[in-house]
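Here is a short report on one helix and its packing partners. Sequence and structure come first.

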Amino acid sequence: MRASDTARSLSVGLSLRLDGSTCLADYADFVRRSPHISIETFLRTRPAEDRFHLAGLVALEMRECWRGDAPEPLENYLARYPELRDDKEQLLDLIYAEYCLKAERDGAAGSEEYYERFPDYRESLARLFCVHDLIGRDADPFAPLDRPVPLPEAGGAFLDFLLVRELGRGAFGRVFLARQTTLGDRLVALKITARPTIEPETMARMDHPHIVPVYSVHHDE
């Protein structure tokens, strides 16, 4: 699947959450060996906390279905796993994942279809699709990392930021309320992701009340 960097940041919360777990990579390998295996079967042999990655598992199964002969609409997964509706960002990630998969399969994906299917999220989806069009398709949000990358936790530090508390999680990272120690302990929202992304450069050029301004970008090998 070719999709924009939006999937990395606004998420496919897909809940592809980079906390050092091998759950998603293990499931991807599992599916390659047994294409018709179900998420339920996979989770039966896994520790209970792996259900934390449910949205990511659904996204991976969706990918296999849409690339095969039997694409399954997201609504079917929401019926199987109603708890996915409890996290708006996570659900938006999954809607966006299907949008990209449909575009890959059919050559295009109409936004109006998604507004009709998910009317409660029309405004959020409109912004998401807008950013998708602005950034363009240049990344595969499902591509595994070379190795699991543990992300820092609230109470810790990252470069010159002290992480006060976690504000949320998305497709490929975490957002913290943080204090920037080198600039008078000012409070900032700090997003940390293990994947390269052109999102900061793109967002920094946008001026909109619903888009958080980007003040700086930092990289840690």
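In this predicted model, helix H4 has the following buried residues: Leu-54, Ala-55, Gly-56, Leu-57, Val-58, Ala-59, Leu-60, Glu-61, Met-62, Arg-63, Cys-65 and Trp-66. That is twelve of the 14 residues of H4, so the helix is largely enclosed by the rest of the structure. The cover over these buried residues includes helices H2 (23-33), H3 (39-44), H5 (74-80) and H6 (88-106).

The length of H4 checks out. Residues 54-67 should span 20 Å at 1.5 Å a residue, and the end C-alpha atoms are 20 Å apart, which agrees.

| Helix pair | Angle | Axis distance |
|---|---|---|
| H2 and H4 | about 25 degrees | 10 Å |
| H4 and H6 | about 15 degrees | 10 Å |

Take H2 and H4. With an angle of about 25 degrees, H2 is roughly parallel to H4, because angles under 35 degrees count as such. H2 passes H4 in a right-handed crossing. From H2, Cys-23, Leu-24, Tyr-27 and Val-31 meet Gly-56, Leu-57, Leu-60, Glu-61 and Glu-64 of H4. The residues of this contact are six nonpolar, one polar and two charged.

Now H4 and H6. Their axes pack at about 15 degrees, which makes H4 roughly parallel to H6. The crossing is right-handed. H4 contributes Ala-55, Val-58, Ala-59, Met-62, Arg-63, Cys-65, Trp-66 and Arg-67; H6 contributes Gln-90, Leu-94, Ala-97, Glu-98, Leu-101, Lys-102, Glu-104 and Arg-105. By class, the contact of H4 with H6 holds nine nonpolar, one polar and six charged residues.

Technical notes
Residues numbered from 1 in each chain as written. Predicted model: local features only at pLDDT ≥ 70, side-chain atom pairs only at ≥ 80, totals over all residues. Heavy atoms only, no water. Helix = DSSP H or I, 4+ residues; strand = E, 2+ residues; numbered from the N terminus. Expected span 1.5 Å × (residues − 1). Buried < 20%, exposed > 50% of the residue type's maximum accessible area, 1.4 Å probe, protein only. Contact = heavy atoms within 4.5 Å. Axes fitted to C-alpha atoms, helices over the stretch in contact; angles between N-to-C directions. Parallel < 35°, antiparallel > 145°, perpendicular 65-115°, else oblique. Left-handed = near helix turned anticlockwise from the far one by under 90°. Nonpolar A, V, L, I, M, F, W, Y, C, P; charged D, E, K, R; others polar.
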